[in-house]
Amino acid sequence: MTYHPKSDFMSIMMQRGYLADCTDYQGLDEALSKGCVPAYIGFDATAKSLHVGSLIQIMMLRWLQKTGHQPITLMGGGTTKVGDPSFRADERPLLTAEQIDANIDGIKQVFAKYLDYDRADNPALMLNNAEWLDGLNYLEFLRDIGRHFSVNRMLAFESVKSRLDREQSLSFLEFNYMILQAYDFLELNRRYGCLLQMGGSDQWGNIVNGIDLTRRVLDHEIYGLTSPLLTTSDGKKMGKTADGAVWLNADMRSPYEFWQFWRNTTDADVGRFLKLYTEIDVAECDRLGALAGSEINEAKIVLANAVTTLCHGVDAAAAAEATAREVFEKGGVGDDLPTLELTADEVAGGISIVQVIVRAGLAKSGKEAKRLIAENGARLDDAPLTDAGLVLDAGALAAPIKLSAGKKRHALVKLG
């Protein structure tokens, strides 16, 4: 694409690798150049935290506000009751209203770190689509909104087509999701003057639906912009690791573990991730990403510190780096490692090392823990752990012990 944007926001989106597609590059760029553009991204409340897979969208909203526009974080209090079927093989489990509200409270904590909801000029808005979806009259909605949707066209969307091609069930409940998301864009435009919806490239069909509906009902010109769906250079889905999702809330993934996730970035991804997940100058991102040998490890520390500072604060990033250096460079224990505290009662009759490995989060099951030991992947205080039948008692835990799974995952175990 050879389009040269005039607005700061579009320039940043293109330079840093955020842009996959746009419904009208020139039209959106001109709107961004003329004044403050309200733009939204929707987040369904399916868990108590967002994970790293959502971080690219959060950073897009942050850059939007930094360039003088108004970010809208739309919580899916209504749409979560249905569940987004996009590119899923099965239906999402349905949550209660209480579960959804609790999840929204957890997710709000993340946004508060990246966006300013209190500034005078272009404050971010936190909205919930339950505000307009919960009170809908079904027959009126069918008549006023449903008539604008062609089932033929909806069936042709890749997110639906891929599910049907695999002969996997797509419920009528889920099929309605794209109509509800389109209606969100219409309501946000009508109520808040929202001109832009952003999302991952898997949301393209839903975004286009909203633009088409708003043109038909309100005759307003609005826009859509998508980011690439990121995978790491080795083909893994961004934000997923062997031990689960990399959550953004500290109570679901410790700042140290979060920092360590970024420190373990593959060499080939460092430059790209610096551009997407930090605010470091593009030229410096390119320089750091081009380093080789042992120098690339220092670039990974820059990446880990910058991303962790944005998410958890500068003190948490500094503590994580100090712990990592203590553990990896000096062979120490490190104060900030994930810690398992055992009670005196639990160890009174002895506790098996296999059980401790599982409870420390270094293996998902006893079977996996035994395999880790059998394959020489487990260490106890940096010495190889070879006996899967080892039992720890209070004497063995008189001082904290360090357990390791492979070279990069560690935990402390101590008596509480």
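**Notebook: sheet, rings and cores**

I started at a strand pairing: in strand E15, histidine 410 is the bridge partner of serine 404. This is a predicted model, so I note the limits: local features need pLDDT of at least 70, side-chain atom pairs count only at pLDDT 80 or more, and totals for chains, interfaces and linings use all residues. Residues are numbered from 1 along each chain as its sequence is written, and side-chain values use heavy atoms, with hydrogens and water left out.

**Entry 1: the sheet**

My terms come from DSSP. Helices (H or I, at least four residues) and strands (E, at least two) are DSSP runs, numbered from the N terminus. Two strands pair if DSSP finds at least two bridges between them.

I looked up how E14 and E15 are joined. Five bridges link them, and the two strands run antiparallel. They form a hairpin with three residues between them. In the turn, glycine 406 has a positive phi of about 70°.

E15 (residues 409–415) pairs with E9 in the parallel sense, over four bridges. Threonine 339 has leucine 412 of E15 as its bridge partner.

What is the strand order of the open sheet? I read E9-E15-E14-E11-E12, five strands with mixed pairing. Strands E9 (339–342) and E12 (383–384) are the edges, each pairing on one side only. As background, strands of a sheet pair through backbone hydrogen bonds, either parallel or antiparallel.

**Entry 2: asparagine 122**

Is asparagine 122 buried or exposed? Asparagine 122 is buried, at 4% relative accessible area. My cut-offs: buried means under 20% relative accessible area, exposed over 50%, partly exposed in between (1.4 Å probe, protein chains only).

Asparagine 122 sits in the loop between helix H4 (97–114) and strand E4 (125–128). A polar atom of its side chain lies 2.6 Å from the backbone oxygen of histidine 69. I also listed its contacts (heavy atoms within 4.5 Å). Not counting residues up to four places away in sequence, asparagine 122 touches Cys36, Gln65, Gly68, His69 and Pro71.

**Entry 3: rings**

I found eight aromatic pairs in the structure. Rings of Phe, Tyr and Trp (its six-membered ring) pair if their centres lie within 6.5 Å; planes under 30 degrees apart count as stacked, over 60 as edge-to-face and the rest as tilted.

Phenylalanine 43 and phenylalanine 111 make an edge-to-face pair, 4.9 Å centre to centre with 65° between the planes. This pair links distant parts of the chain: phenylalanine 43 is in strand E2 (residues 38–43) and phenylalanine 111 in helix H4, 68 residues apart. Phenylalanine 43 is buried at 6% relative accessibility. Phenylalanine 111 is buried at 0%.

Why is the pair of phenylalanine 258 and tryptophan 262 edge-to-face? The ring planes stand at 65°, with the centres 6.1 Å apart, so the pair is edge-to-face. Both residues lie in helix H12 (residues 255–263), four residues apart, about one turn of the helix. Phenylalanine 258 is buried at 0% relative accessible area, and tryptophan 262 is buried at 0% as well. One aromatic cluster is formed by Phe258, Phe261, Trp262, Phe273 and Tyr277.

**Entry 4: cores**

I used this rule: a nonpolar core is a set of buried Ala, Val, Leu, Ile, Met, Phe, Trp, Tyr and Cys residues joined through side-chain atoms within 4.5 Å. The largest one has 70 residues. Among those with the most contacts inside it are Leu55, Tyr114, Trp262 and Tyr277. Helix H15 (residues 295–312) gives the most to this core, nine residues. Another core, of 28 residues, lies apart from it and includes Leu127, Ile211, Leu213 and Ile222.

I went back to tryptophan 262 for its contacts. Leaving out residues up to four places away in sequence, they include Val52, Leu55, Met238, Lys300 and Val307.

**Entry 5: leucine 28**

Leucine 28 lies in helix H2 (residues 25–34) and is buried at 0% relative accessible area. Beyond four places in sequence, leucine 28 is in contact with Met10, Cys22, Leu196, Tyr223 and Leu225.

Terms used: A polar contact is a pair of N or O atoms within 3.5 Å; within protein, one must be able to donate a hydrogen and the other to accept it, and residues adjacent in sequence count only if both atoms are side-chain atoms.
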